[in-house]
Amino acid sequence: MKVLVAVAEAESFAGGAKLLGLSAPSVTRVIAGLENRLGTLLLARSTRSLRLTEAGRRYVDDCRRILLDLEEAEELAAGSASRARGNLTVTAPVMFGELFLIPLITEYLAAHPEVSINALLVDRLVNMVEEGVDVAIRIGRLPDTGLQAVKVGAIRPVICAAPAFLERAGRPRVPEDVMNAPIVMSSASSLLTDWHFESPQGALTLHPKPRLVVSSNQAAINAARLGWGLTRVLSYQVAELVAKGELEVVLADYETAAFPVHVLYQGSRRISAKVRTFVDHCTRRFQQDPALQTTPAA
């Protein structure tokens with residue numbers, strides 16, 4: 001089962017062998033033996049590709065579930081219900097992970113020498129079950145996934161610029177003022193493409209035309225910090241720069257409701273110590289961080 005899951009994830013026999021530290025011929029023999037015993041084809045091979053058959057997809061899903069149960073059982077037998085040990089996979093958005101999660105991971109590893117962590121920092125929605133993720137940080141409203149969720153904070157979209165730019169160009173007083181200002185926009189997040197506001201007249205959505213579009217939030221922040229123009233990012237991303245006076249938030253009276261921040265983990269009758277202690281560590285630290293405890297403007 002472990003060999004099949006590795007080959008499916010790598011989409012090749014050689015890649016699966018590398019993940020497991022085995023030779024490619026031995027992995028090929030294992031898969032062939034498994035298919036022979038089951039009497040069905042699990043992997044469709046061609047000279048250029050390798051893909052799961054329909055039966056193979058169902059079987060791999062079952063394998064992942066069974067292997068997870070087996071890992072939990074082994075951890076319990078080895079005492080891991082009371083002592084954190086083993087591999088832990090966590091995921092978070094890129095910038096959130098770099099600014100907030102990695103410092104907590106280094107603290108956690110120092111306190112738990114028997115745990116190793118794989119941090120998957122990506123700006124996409126990770127399927128925790130399919131990708132074997134133990135803990136995830138999510139920003140925004142949560143769908144009903146059946147996962148355990150702990151709310152640890154709230155953040156909001158903010159419009160900001162360098163104080164020197166605002167002195168030179170003028171501070172926007174109402175949302176419509178941004179339409180005539182130099183804009184740098186990040187395409188990395190769908191949360192920031194449309195500029196939403198709350199006004200006494202109700203909700204307002206604007207679509208300012210940026211003169212500069214960049215592919216990362218950090219690049220947009222850098223351009224704004226250098227005095228180029230206005231940008232719209234999430235409050236946690238610029239909290240330190242705002243505190244230092246390098247950026248200034250404008251139009252705060254028109255801000256929309258905050259987005260919740262959650263720590264998610266896969267629920268089970270048996271939560272391993274590594275997951276329990278890591279979730280507790282992150283929850284406690286996130287809830288104490290002022291940058292993650294913003295509230296929507298009144």
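Student: How many cavities of 30 Å³ or more does a search of the whole structure find?
Tutor: One. Keep in mind that this is a predicted model.

Student: What volume does the largest cavity have?
Tutor: About 70 Å³.

Student: Which residues line the largest cavity?
Tutor: Pro157, Val158, Ile159, His196, Phe197, Arg232, Val249, Val250, Leu251, Tyr254, Glu255 and Thr256. The elements giving two or more residues to that lining are β7 (157–161), β9 (195–199) and β13 (248–250).

Student: Which element gives the largest share?
Tutor: β7, with three residues.

Student: And how does that lining split by class?
Tutor: Eight residues are nonpolar, two are polar and two are charged.

Student: Stay with β7. Which sheet is it in, and what is the strand order?
Tutor: An open sheet of three strands, ordered β12-β7-β13. The pairing is antiparallel.

Student: How many bridges join β7 to β12?
Tutor: Four, and the two strands run antiparallel. For a residue pair, look at Pro157, which stands opposite Leu234 in β12. Pro157 is also among the residues lining the largest cavity.

Student: Which helix packs on this sheet?
Tutor: α8, residues 235–244. That helix touches β7, β12 and β13. The direction of α8 makes about 105° with that of β12.

Student: Switching to pockets. How much space lies in the largest one?
Tutor: About 1700 Å³.

Student: How many residues line the largest pocket, and which lie nearest its centre?
Tutor: The lining has 44 residues. Nearest the centre are Val5, Glu9, Glu71, Glu131 and Gly132. Elements that give two or more residues to this lining include α1 (2–10), α2 (13–20), β2 (50–52) and α4 (54–77).

Student: Which element gives the most?
Tutor: α4, with 11 residues.

Student: How do the residues of that lining divide by class?
Tutor: 17 are nonpolar, nine are polar and 18 are charged.

Student: Where do β3 and β4 sit in their sheet?
Tutor: They belong to an open sheet of five strands, in the order β4-β3-β5-β14-β6. Pairing in that sheet is mixed. The edge strands are β4 and β6 (148–155), each pairing on one side only. Strand-to-strand twist averages 20°.

Student: In what sense do β3 and β4 pair?
Tutor: Parallel, over seven bridges. Within that pair, Val90 stands opposite Ala119 in β4.

Student: And which helix packs on this sheet?
Tutor: α9 does, touching β3, β4, β5 (135–139), β6 and β14 (259–265). Its direction makes about 35° with that of β3.

Student: Last topic, confidence. Where is it lowest and where is it highest?
Tutor: α4 is lowest, at a mean pLDDT of 82. β13 is highest, at 97. Overall, the protein averages a pLDDT of 89, and 94% of the residues score at least 70.

Definitions and conventions
Residues are numbered from 1 along each chain as its sequence is written. This is a predicted model: local features need pLDDT of at least 70, side-chain atom pairs count only at pLDDT 80 or more; totals for chains, interfaces and linings use all residues. Side-chain values use heavy atoms; hydrogens and water are left out. On a 1 Å grid over the protein atoms alone, a cavity is a set of points where a 1.4 Å probe fits but cannot get out, and a pocket is an open set with protein on both sides within 12 Å along at least five of seven lines; lining residues have an atom within 4 Å of a point. Grid points are joined across faces, edges and corners, and a volume is the space filled by probe spheres set on the points. Ala, Val, Leu, Ile, Met, Phe, Trp, Tyr, Cys and Pro count as nonpolar, Asp, Glu, Lys and Arg as charged, and the others, Gly among them, as polar. Two strands pair if DSSP finds at least two bridges between them. Axes are lines fitted to C-alpha atoms, for helices over the stretch in contact, and angles run from 0 to 180 degrees between N-to-C directions. Contact means heavy atoms within 4.5 Å. pLDDT is the predictor's confidence in each residue, from 0 to 100.
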